[in-house]
Amino acid sequence: MLIQFFRNNSFIQFLGLLILGAALWLNVFIAPPPIAENSFTTPLYNLFTSITNNHLIFIFLTLIILIVQAIYLNHVLIRHELIHRNSFLAAFLYMVLMSHSLQLQHLYPALIGSFFVIVTIDSLLEFELKEDYLRLSFKAGFYLGLASLFYLPILILLLFIWGTLFIYRIPNWRPWVIPIVGIITPYVFLFTYYFWIDAAESYLTHYQNYFSEIKLLYSSTDGYVRVIMTILVFFMTISITRVLGRINEKKIVIRKKIKIILNLFFICVIILFVNNDLIIHASVIYIPVSIFMTIYFSELRKAFWPDLIFSLTVLLIIFAHFQS
């Protein structure tokens, strides 16, 4: 079944990932949905979407971006020894989670921003291996700043960086301040550009209005999506519970990394509920969720029934897409 198949890492599994992506996204290739609306607070997203008006091209680019993110996330987990070296499981699970609803299957700001979040995770997990905290702190903050130019609520992940510094018990005050400098750096260039074109005042007004209008939103779903979400939440819950339940069996360095991912999950919950868009667009939370599910499935000895249920869920997702 699918879990067992993607536990390996070879060209066949890579080809299987491409086939899976084609199956999950086939319906939106047939009837491409519109891209997300531009906003003044998403300048890099606006620039990206200005390259063409062809929705089919955007769907193709979106799928390519998703596959690249899935493979990169898989590489990060292998590199930092959170999963076995011969596994392609993280890429598979991330692909499924980010494609489980048609609302996720188009180009939207949080999707592109998620790539920079994965880069940030990669940088923070290096803290245990390197003494260069200042460079890594700036790098993490800078990439979060870039991500927020695609999707502004990602700025909340500054708490994720600080939480990582707390987990590693770094006493020096400078790594706590430098991420703020890193986040601000892209905005300095952006503000300079708006100042040059005499739009700085409008720029500041739009950002002020954004933060003054933040509200809690919840987007309900019906039918197949509700069933699929219930199953995915079940796997998410059992994965986090099992991984944390066995955390003391792991090496100290791995324990810290799992705590970092747990910290990311809780911060992403804030993004999930505090945003000015559909809740389904706060897809950043699927990064830590896919990591926990990957660790759970990779360590599961008797995986027949979980594998069967999840594989049937993937088939249900594909079926549901063609019923909409």
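This report covers helix packing and selected residues in a predicted model.

## Helix 4 against helix 5

Helix 4 spans residues 55–79 and helix 5 spans residues 89–97; their axes come within 7 Å and cross at roughly 140°. That angle makes helix 4 oblique to helix 5, and the crossing is right-handed. On the helix 4 side, the contact is made by Leu66, Ile67, Gln69, Ala70, Ile71, Leu73, Asn74 and Leu77. Helix 5 contributes Leu89, Ala90, Ala91, Tyr94 and Met95. By class, the residues of this contact divide into 11 nonpolar, two polar and no charged.

Helix 5 is mostly covered, with nine of its nine residues buried. The buried residues are Leu89, Ala90, Ala91, Phe92, Leu93, Tyr94, Met95, Val96 and Leu97. Leu89 and Tyr94 are among those that take part in the contact with helix 4.

## Helix 7 and its surroundings

Helix 7 covers residues 133–148, which is 16 residues. From its first C-alpha to its last, helix 7 reaches 22 Å, close to the 22 Å expected at 1.5 Å a residue. The buried residues of helix 7 are Leu136, Ser137, Ala140, Gly141, Leu144, Gly145, Leu146, Ala147 and Ser148. What covers them includes helix 3 (43–49), helix 6 (109–124), helix 8 (158–167) and helix 9 (174–196).

Ser137, Ala140, Gly141 and Leu144 in helix 7 meet Leu158, Ile161 and Leu165 in helix 8. The residues of this contact divide into five nonpolar, two polar and no charged. Ser137, Ala140, Gly141 and Leu144 are also listed among the buried residues of helix 7.

## Helix 12 against helix 13

Helix 12 (residues 252–273) and helix 13 (residues 286–299) have axes 8 Å apart and pack at an angle of about 140°. The two are therefore oblique to each other. Helix 12 passes helix 13 in a left-handed crossing.

From helix 12, the contact involves Ile258, Ile261, Leu262, Leu264, Phe265 and Cys268. From helix 13, the contact involves Ile287, Pro288, Val289, Ile291 and Phe292. These residues divide into 11 nonpolar, no polar and no charged.

Ile3 lies in helix 1 (residues 2–6). Its relative accessible area is 0%, so Ile3 is buried. Ile3 and Lys256 are 253 residues apart along the chain, and their C-alpha atoms are separated by 26 Å.

Trp305 is found in helix 14 (residues 304–321). Because its relative accessibility is 57%, Trp305 counts as exposed.

## Positive phi in two loops

Glu81 is found in the loop between helix 4 and helix 5. Glu81 has a positive phi of about 60° although it is not a glycine. With a relative accessibility of 48%, Glu81 counts as partly exposed, because the exposed class requires over 50%.

Arg169 is placed in the loop between helix 8 and helix 9. Its phi is also positive, at about 55°, and Arg169 is not a glycine. Arg169 has a relative accessible area of 74% and is exposed.

Technical notes: Residues are numbered from 1 along each chain as its sequence is written. This is a predicted model: local features need pLDDT of at least 70, side-chain atom pairs count only at pLDDT 80 or more; totals for chains, interfaces and linings use all residues. Side-chain values use heavy atoms; hydrogens and water are left out. Axes are lines fitted to C-alpha atoms, for helices over the stretch in contact, and angles run from 0 to 180 degrees between N-to-C directions. Helices (H or I, at least four residues) and strands (E, at least two) are DSSP runs, numbered from the N terminus. Angles under 35 degrees count as roughly parallel, over 145 as roughly antiparallel, 65 to 115 as roughly perpendicular and the rest as oblique. A crossing is left-handed if the near helix is turned anticlockwise from the far one by less than a right angle, and right-handed if clockwise. Contact means heavy atoms within 4.5 Å. Ala, Val, Leu, Ile, Met, Phe, Trp, Tyr, Cys and Pro count as nonpolar, Asp, Glu, Lys and Arg as charged, and the others, Gly among them, as polar. The expected span of a helix is 1.5 Å times one less than its number of residues. Buried means under 20% relative accessible area, exposed over 50%, partly exposed in between (1.4 Å probe, protein chains only).
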